[in-house]
Amino acid sequence: MENVVSGIRPTGNLHLGNYFGAVTSFVKMQDDYNCKFFIADWHSLTTHPKPEDIQASTNTILAEYLACGIDPEKSVVYMQSDVPEVLELYMYLNMNTYLGELERVTTFKEKARKQPDNVNAGLLTYPTLMAADILIHRALKVPVGKDQEQNMEMARKCARRFNNIYGVDFFPEPQSFYFAKEAIKIPGLDGSGKMGKSEGNCIYLKDDAKTIQKKVMKAVTDSGPTEPNSEKPEVIKNLFTFLNIVSAPETVQFFEEKWNDCSIRYGDLKKQLAQDIIGYTEPIRERINEYSANKELLRKVAEQGAEKARESARQTLAEVRQIIGFKQY
Ligand code: TRP
């Protein structure tokens with residue numbers, strides 16, 4: 001089975017966009033690939049979070065992963081900071097990566113613009129740390145969003161360059177595996193195309209019924225159709241996209257007909273949608289609460305994951321050291 005690696009930075013709770021995008025793809029891949037999913041807590045240091053933020057969000061994400069169906073019996077689930085081998089590889093990769101190419105990465109430029117007082121070296125070398133995350137397991141496929149393409153290009157460059165410098169065929173070039181193809185893109189309900197943390201329009205998996213209801217009732221709509229069978233404007237399409245995901249086919253059909261004969265009442269649609277989102281997410285939310293309360297289990301999962309991840313990392317690193325010319329003890 002091919003090796004798959006992916007990571008998520010612990011910067012808050014999972015929202016429905018994460019869920020129907022990355023996380024459902026991870027869950028589906030578990031049976032067909034040798035998967036490793038980790039929480040990129042070192043990467044989060046590039047923005048200087050406080051210790052309590054790191055602790056809280058790594059635990060939360062772990063509980064949420066499990067609640068969504070990532071199965072530690074099938075996949076290796078671990079914290080990046082539990083695998084120190086990654087750092088040694090990161091250092092070797094940094095030796096062969098040039099300032100100019102790191103400075104050209106758009107995510108670096110964007111971050112540097114956003115936090116001008118904190119343009120740290122970790123931010124600059126974010127792509128080599130990401131490359132180390134991937135190459136340490138010699139992964140072939142990396143499920144990521146489109147926004148990670150430049151980082152993935154850097155990871156391939158790192159692999160190629162290492163192979164060239166040492167005249168070996170050691171690191172395979174990892175390929176992006178866009179889940180966008182099969183994943184459903186979740187729209188924002190504020191009229192923006194996408195649900196995202198930076199857009200501030202998220203419905204979170206952990207949101208309770210009341211919160212979800214409030215958020216859905218605030219969804220942007222228009223003044224309603226004036227001609228039968230007219231095309232839906234973007235904001236209304238968004239509502240229907242949502243309905244299609246969480247509601248029964250009869251419900252979708254019902255509102256389609258109401259739209260088509262111009263008798264649709266957005267208030268009714270939203271009420272139904274809120275109810276169906278609540279119904280859909282309730283079991284996940286219950287599992288999140290159960291896992292979050294079970295610190296012992298979370299600790300065990302992380303410990304077991306770290307052990308397996310380190311085993312794979314140690315093997316790679318031993319060979320890397322030998323290739324570079326360091327003595328093996
Ligand atoms: N940069 C990724 C993101 O922001 C997170 C990440 C870190 C990652 N290391 C990785 C993703 C390795 C895939 C593989 O989404």
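I started with Arg160, which counts as partly exposed at 32% relative accessibility (buried is under 20% relative accessible area, exposed over 50%, partly exposed in between, with a 1.4 Å probe and protein chains only). This is a predicted model, so I kept in mind that local features need pLDDT of at least 70 and side-chain atom pairs count only at pLDDT 80 or more, while totals for chains, interfaces and linings use all residues. Residues are numbered from 1 along each chain as its sequence is written, and side-chain values use heavy atoms, leaving out hydrogens and water.

Next I looked up the partner of Arg160: its side chain meets that of Glu153 in a salt bridge at 3.6 Å, N to O (a side-chain nitrogen of Lys or Arg within 4 Å of a carboxyl oxygen of Asp or Glu). Glu153 is partly exposed too, at 32%. I noted 19 salt bridges in the structure.

Then I checked Arg299 and Glu296, whose closest N and O atoms are 2.9 Å apart in a salt bridge. They sit three residues apart in helix H14 (residues 295–324), so about one helical turn separates them. (Helices are DSSP runs of H or I, at least four residues, and strands are runs of E, at least two, numbered from the N terminus.)

Most residues other than glycine have a negative phi. His48 has a positive one of about 55 degrees, in the loop between helix H2 (41–44) and helix H3 (51–68). At 54% relative accessibility, His48 is exposed.
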